[in-house]
Amino acid sequence: MADRESDAQGFVEQAVECSECDRQLSVGIRNTGAGLVAALQDENTPVEVIDDSTQRPDDEWDTEAYQRENLPNDPGQIFKFATYDIDFIAGEVESGGHGSVAALNRMLLVQYFSAIEAYLSDRLIRLVLDNPKSLAALVIGNKEWAGEKIGVVELASNAHAFRDWVHTRLRELMYHNFVKIDQYYRSALGSTIFPDEATKKVLMEFVPIRHDCVHRYGRDHDGRERTISKVDLDKLGSALENMVAHLEGLFVRRRTNG
């Protein structure tokens, strides 16, 4: 159930019985991420893996294929649904005076970032997969990919090898790194993700707070607890909504102008 084959790497020992001599043998099976390799633990005899479960390109439960083929048609609407729930819960807890407000607000801040990361990822991936010109522009404008190569065997055996390669790289990005993602959008879409400098400033102020909430349990590098109020959440939510509205407007104009 790993998202990528490389995430499924592992090793296990299994006892098997030889059908010819009835001996119990210990076999080590290693998943390399690209296939299964087996070897006898106490012998030098080669072992053949008859049923290699990692080599099933038509597997209907292929998680990566599912994600690739099921990108949402309207990431902007999904973002609105996600952030509506955040605002509702934050308002309810704030008015109730619960002692868990501080912890919950930190969780809601992280959820805001999760919502915008999903939006930015889905929008960018759908853009480049649906538009060959945007795909080419993204690759040409990306200096980090300048030295990358795709094997000729893969190109010969997969007509979509180049497209799949780009898709994989885009899925690996950290979409809360707004400055870096902005460069990707500038290349593929021809526009910045920031509607204005004021919105950009607000979002960049919350990036380190998000890091502390995710990686330091809400503490900064000096061990001080991050305090996040409903006002802070509203400020972040408004900035994110401005970003999404800005990008959705660009996509509407793009469709209108062809």
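The model is a predicted one.

The secondary structure comprises nine helices and three strands. Along the sequence, the elements follow the order β-β-β-α-α-α-α-α-α-α-α-α. The protein has 258 residues, and 36% of them count as buried. Among contacts with a separation of 6 or more, 61% link residues 24 or more positions apart.

Helix α3 spans residues 101-130. It packs against α8 at an angle of about 115°, and the two axes lie 9 Å apart. α3 and α8 are therefore roughly perpendicular to each other. Their crossing is left-handed. On the α3 side, the contact involves Arg106, Leu109, Val110, Phe113 and Glu117. These residues meet Phe206, Val207, Ile209, Arg210, Cys213 and Val214 of α8. By class, eight residues of this contact are nonpolar, three are charged and none is polar.

α3 also packs against helix α7, which covers residues 178-188. Here the angle is about 25°, with the axes 11 Å apart. Angles under 35 degrees count as roughly parallel. α3 and α7 are therefore roughly parallel to each other. α3 passes α7 in a left-handed crossing. From α3, the contact draws on Phe113, Ile116, Tyr119, Leu120, Arg123, Leu124, Leu127 and Val128. Their partners in α7 are Phe178, Ile181, Tyr184, Tyr185 and Ala188. The contact of α3 with α7 has 12 nonpolar residues, one charged residue and no polar ones. Phe113 of α3 takes part in the contact with α7 and also in the contact with α8.

Helix α8 covers residues 197-215, and helix α9 covers residues 230-257. Their axes come within 9 Å and cross at roughly 125°. An angle over 145 degrees would count as roughly antiparallel, and one of 65 to 115 as roughly perpendicular. α8 passes α9 in a left-handed crossing. α8 contributes Thr199, Val202, Leu203, Glu205 and Phe206 to the contact. α9 contributes Asp232, Lys235, Leu236, Ala239, Leu240, Asn242 and Met243. Seven of the residues in the contact of α8 with α9 are nonpolar, two are polar and three are charged. Phe206 of α8 belongs to this contact and also meets α3.

The loop between α8 and α9 holds Arg219. Is this residue buried, partly exposed or exposed? Buried means under 20% relative accessible area, and exposed means over 50%. Arg219 has a relative accessibility of 28% and therefore counts as partly exposed. Beyond residues up to four places away in sequence, Arg219 touches Arg106, Asp212, Arg224, Glu225 and Arg226. One of these, Arg106, also takes part in the contact of α3 with α8. Ile209 of α8 belongs to that contact as well. Arg219 and Ile209 are 10 residues apart in sequence, and their C-alpha atoms are 8.7 Å apart in space.

Terms used:
Residues numbered from 1 in each chain as written. Predicted model: local features only at pLDDT ≥ 70, side-chain atom pairs only at ≥ 80, totals over all residues. Heavy atoms only, no water. Axes fitted to C-alpha atoms, helices over the stretch in contact; angles between N-to-C directions. Helix = DSSP H or I, 4+ residues; strand = E, 2+ residues; numbered from the N terminus. Left-handed = near helix turned anticlockwise from the far one by under 90°. Contact = heavy atoms within 4.5 Å. Nonpolar A, V, L, I, M, F, W, Y, C, P; charged D, E, K, R; others polar. Buried < 20%, exposed > 50% of the residue type's maximum accessible area, 1.4 Å probe, protein only.
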